[in-house]
Amino acid sequence: MIRRRFVITGRVQGVGYRFWTQRTAEQLGLSGWVRNLPDGSVEAEVSGPTEAVDELERACHDGPPAAGVDAVHSEEIEHRAGDGRFEIR
């Protein structure tokens with residue numbers, strides 16, 4: 001189990017990116033949260049099995065159809081047990 005923080009830049013606000021992230025994370029059995037940042041990027045913290053977190057990170061490079069992702073920055077952070085939910089903040 002790992003916890004990873006993502007910051008996604010590009011055209012990622014106003015295109016359903018947070019909802020897409022929540023749905024994709026839930027399908028992968030991940031917990032955590034996603035939110036818009038004031039600079040126009042999207043931030044997420046995700047917990048779960050390494051393979052599932054890696055799969056979400058790969059998917060974030062595309063995002064939903066209307067998104068235009070420039071970059072996905074990620075870093076491992078201290079793991080905390082999640083409650084099994086993935087929320088939009």
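This is a predicted model: local features need pLDDT of at least 70, side-chain atom pairs count only at pLDDT 80 or more; totals for chains, interfaces and linings use all residues.

Visitor: Where is aspartate 39 placed?

Guide: Aspartate 39 belongs to the loop between β2 and β3. Its side chain and that of serine 41 are joined by a polar contact of 2.5 Å. The C-alpha atom of aspartate 39 is separated by 9.1 Å from that of threonine 9, a residue 30 places away along the chain.

Visitor: How many residues lie between the strands in the hairpin of β2 and β3?

Guide: That hairpin has five residues between its strands, and glycine 40 takes a positive phi there, near 95°. The strands β2 and β3 run antiparallel and are joined by six bridges.

Visitor: Which residue is the bridge partner of serine 31 in β3?

Guide: The partner is serine 47, which has its place in strand β3, residues 42-48.

Visitor: Is serine 47 buried or exposed?

Guide: Buried means under 20% relative accessible area. Serine 47 is at 2%, so it counts as buried. Its side chain makes a polar contact of 2.4 Å with the side chain of arginine 3. Beyond its neighbours within four places in sequence, serine 47 is in contact with several residues, including Ile2, Leu30, Val53 and His79.

Visitor: In which sense do β2 and β5 pair?

Guide: They pair in the parallel sense, over three bridges. Within β5, glutamate 87 is the bridge partner of tryptophan 33.

Visitor: Let us turn to the helices. Which residues of α1 are buried?

Guide: In α1, the buried residues are Tyr17, Trp20, Thr21, Thr24 and Ala25. Viewed down the axis of α1, these fall within an arc of 125°, so they line one face of the helix.

Visitor: What do the buried residues of α1 pack against?

Guide: They pack against the strands β1, β2, β3, β4 and β5, and against α2. After α1 comes glycine 29, with a positive phi near 75°.

Visitor: Which residues are buried in helix α2?

Guide: Helix α2 spans residues 50-60, and its buried residues are Ala52, Val53, Leu56, Glu57 and Cys60. They cover an arc of only 140° around the axis, which means that they are on the same side of α2. Glu51 and Arg58, on the other side of α2, are exposed. The buried residues of α2 pack against α1 and the strands β1, β3 and β4.

Visitor: How many salt bridges does the structure hold?

Guide: The structure holds nine salt bridges. One of them is formed by arginine 5 and glutamate 75, whose closest N and O atoms are 3.2 Å apart. Because arginine 5 lies in strand β1 and glutamate 75 in strand β4, this pair ties together parts that are 70 residues apart in sequence.

Visitor: What is the relative accessibility of each residue of that pair?

Guide: Arginine 5 has a relative accessible area of 25% and is partly exposed. Glutamate 75, at 39% relative accessibility, also counts as partly exposed.

Visitor: With which residue does arginine 85 meet in a salt bridge?

Guide: Its side chain meets that of glutamate 87, with an N to O distance of 3.8 Å. The side chain of glutamate 87 also meets that of arginine 89 in a salt bridge, at 3.0 Å from N to O. Glutamate 87 is partly exposed, at 29% relative accessibility, and arginine 89 is partly exposed as well, with a relative accessible area of 49%.

Visitor: Which residues are linked in a network of salt bridges?

Guide: Arg4, Asp54, Glu57 and Glu76 are linked in such a network.

Note on methods. Residues are numbered from 1 along each chain as its sequence is written. Side-chain values use heavy atoms; hydrogens and water are left out. Helices (H or I, at least four residues) and strands (E, at least two) are DSSP runs, numbered from the N terminus. Buried means under 20% relative accessible area, exposed over 50%, partly exposed in between (1.4 Å probe, protein chains only). A polar contact is a pair of N or O atoms within 3.5 Å; within protein, one must be able to donate a hydrogen and the other to accept it, and residues adjacent in sequence count only if both atoms are side-chain atoms. Contact means heavy atoms within 4.5 Å. The arc is that of the directions from the helix axis to the C-beta atoms. Two strands pair if DSSP finds at least two bridges between them. A salt bridge is a side-chain nitrogen of Lys or Arg within 4 Å of a carboxyl oxygen of Asp or Glu.
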